[in-house]
Amino acid sequence: MKNKRIFITGGAGFIGSNIVERLENDNEITVYDNLSTGKKEWIDGKRVNFVLGDILDFENLKKYMKGHDIVIHLAANPDVKLGEKNNKIDLDINFIGTYNVLESMRINDINGILFSSSSTVYGEAPVPTPETFGPTKPISFYGASKLAAESYISVFSAMYGIRGVSFRFANVIGRHGNHGVIYDFIKKLMKNRNSLEVLGDGTQTKSYIHVEDCIDGITYLYEKVRGYEVFNLGTDGSTNVMDIAKMVVSLLNLKNVKIYTTGGKDGRGWAGDIKVMLLSIEKAKSYGWYPKYNSDEAVKKAIMEISGELGWKY
Ligand SMILES: NC(=O)c1ccc[n+]([C@@H]2O[C@H](COP(=O)([O-])OP(=O)(O)OC[C@H]3O[C@@H](n4cnc5c(N)ncnc54)[C@H](O)[C@@H]3O)[C@@H](O)[C@H]2O)c1
């Protein structure tokens, strides 16, 4: 992606700030973020124009989006768990927010969107799950909101000729990780080095893609597409939560840590937690994209990166 004026919603977040670093030298970037979970310091000093704004503020969004060529739409409630307590937040931010982004694009004549969708759209599907799997039956409000957002991108593409790609991410991990299992484990161990609580029964098994691979994937695949497409973006293999707990303990050089599980309903970490997730990435591979790190390698790399950032003392 070169010589483009790129508008990144949620660009101060985990994935967004990594994208900024990757694209800042070859493009003109505007980050539009309300900093609800993102951090300004992650993009400070980068070649970006930062706008503190909310995607639910349609007039503001429309105003700042003007003059760009492409939108990378990442702003969302990223926390699947939150839907259990608040079943409207995903509808508002993830779905209405995406509608606002699409409508602002239409009005401003912007013709391309890369959308951060999620493996959660599939619900509890057989694995490895291909893009053709259906009917999709999400089990979280988050998953439902991403699926609804995808379908609006499809319609905007069909009606107005917008180029759009929905990337169904597996669990993305790496530098600037600010939520998720690795971050949680390290934070817990920083408080207490003797014991580690694992949500659920520890057998939840998911595929973890490193953020570097994720960015390679979206930028590469977007260029290959005309019209509207959906791609799974994951990696080879999967890793279970108990193994992640053991890898964290071992890589942080801890001994005698009591690892215990909360059990959870059906062994899930929270209501709406998918127990087994592995995306088929055959479609992306058939377009010529291959991940560098498999799931276990990505987990180990991310443990070192996140513990370093959090200032882990050995
Ligand atoms: N990290 C993952 O494993 C993963 C997996 C699947 C999909 N995704 C999706 O990728 C995107 C980025 O996720 P992330 O992991 O970087 O999370 P993140 O929380 O670090 O990034 C989200 C960013 O959006 C901003 N934001 C939230 N609500 C906003 C609003 N109303 N207006 C403007 N900005 C707003 C936040 O401040 C943050 O900077 C999200 O859409 C998420 O759903 C992430």
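Helices (H or I, at least four residues) and strands (E, at least two) are DSSP runs, numbered from the N terminus.

Before going on, I note what I am looking at. This is a predicted model, in which local features need pLDDT of at least 70 and side-chain atom pairs count only at pLDDT 80 or more, while totals for chains, interfaces and linings use all residues. Residues are numbered from 1 along each chain as its sequence is written.

Val71 has Ile113 of S5 as its bridge partner.

**Entry: the loops on either side of S5**

I went through the loop between S5 and H4 and found Pro128 there. Pro128 is joined to Val127 by a cis peptide bond, with omega about -10 degrees. Pro135 is found in the loop between S5 and H4 as well, and the bond between Gly134 and Pro135 is cis, with omega about 0 degrees.

In the loop between H3 and S5 I looked at Asp109. Asp109 is not a glycine, yet has a positive phi of about 60 degrees. Is Asp109 buried or exposed? Asp109 is exposed, because 10 other C-beta atoms lie within 10 Å. The cut-offs are 20 or more other C-beta atoms within 10 Å of a residue's own for buried, 12 or fewer for exposed, and anything in between for partly exposed, with C-beta atoms placed from the backbone.

**Entry: the ligand**

Which residues come nearest to the ligand? Of the 28 residues around the ligand, they are Gly10, Gly13, Gly38, Ala76 and Ser116. Near means that the C-beta atom, placed from the backbone, lies within 6 Å of the molecule. Helix H1 (14-23), helix H3 (89-107), strand S5 (112-118) and strand S7 (171-173) are the elements that give two or more residues to this shell. H1 gives the largest share, three residues.

I sorted the shell by class and got 13 nonpolar, 13 polar and two charged residues. Ala, Val, Leu, Ile, Met, Phe, Trp, Tyr, Cys and Pro count as nonpolar, Asp, Glu, Lys and Arg as charged, and the others, Gly among them, as polar.

**Entry: two domains**

I noted domain 1 as 5-172 + 209-233 and domain 2 as 175-207 + 237-279 + 293-309; such bounds come from an automatic or database domain assignment. Their centres, taken over C-alpha atoms, are 25 Å apart. In domain 1, 27 residues are in contact with 20 residues of domain 2, contact being C-beta atoms, placed from the backbone, within 7 Å. On the domain 1 side, H1, strand S10 (208-210) and helix H6 (211-223) each supply at least two residues. H1 has the largest share of that side, three residues.

**Entry: further strands**

I then looked at an open sheet of three strands, in the order S12-S9-S14 with mixed pairing. Strand S9 (residues 205-206) and S14 pair in the parallel sense over two bridges, and Thr205 stands opposite Val276 in S14.

Strand S8 (residues 195-198) is joined by four bridges to strand S13 (residues 258-261), and the two run parallel.

My last stop was Asn256, in the loop between helix H7 (241-251) and S13. Its phi is near 55 degrees, a positive value in a residue other than glycine. Asn256 is exposed, because 8 other C-beta atoms lie within 10 Å.

Methods
Contact = placed C-beta atoms within 7 Å. Pairing = 2+ DSSP bridges.
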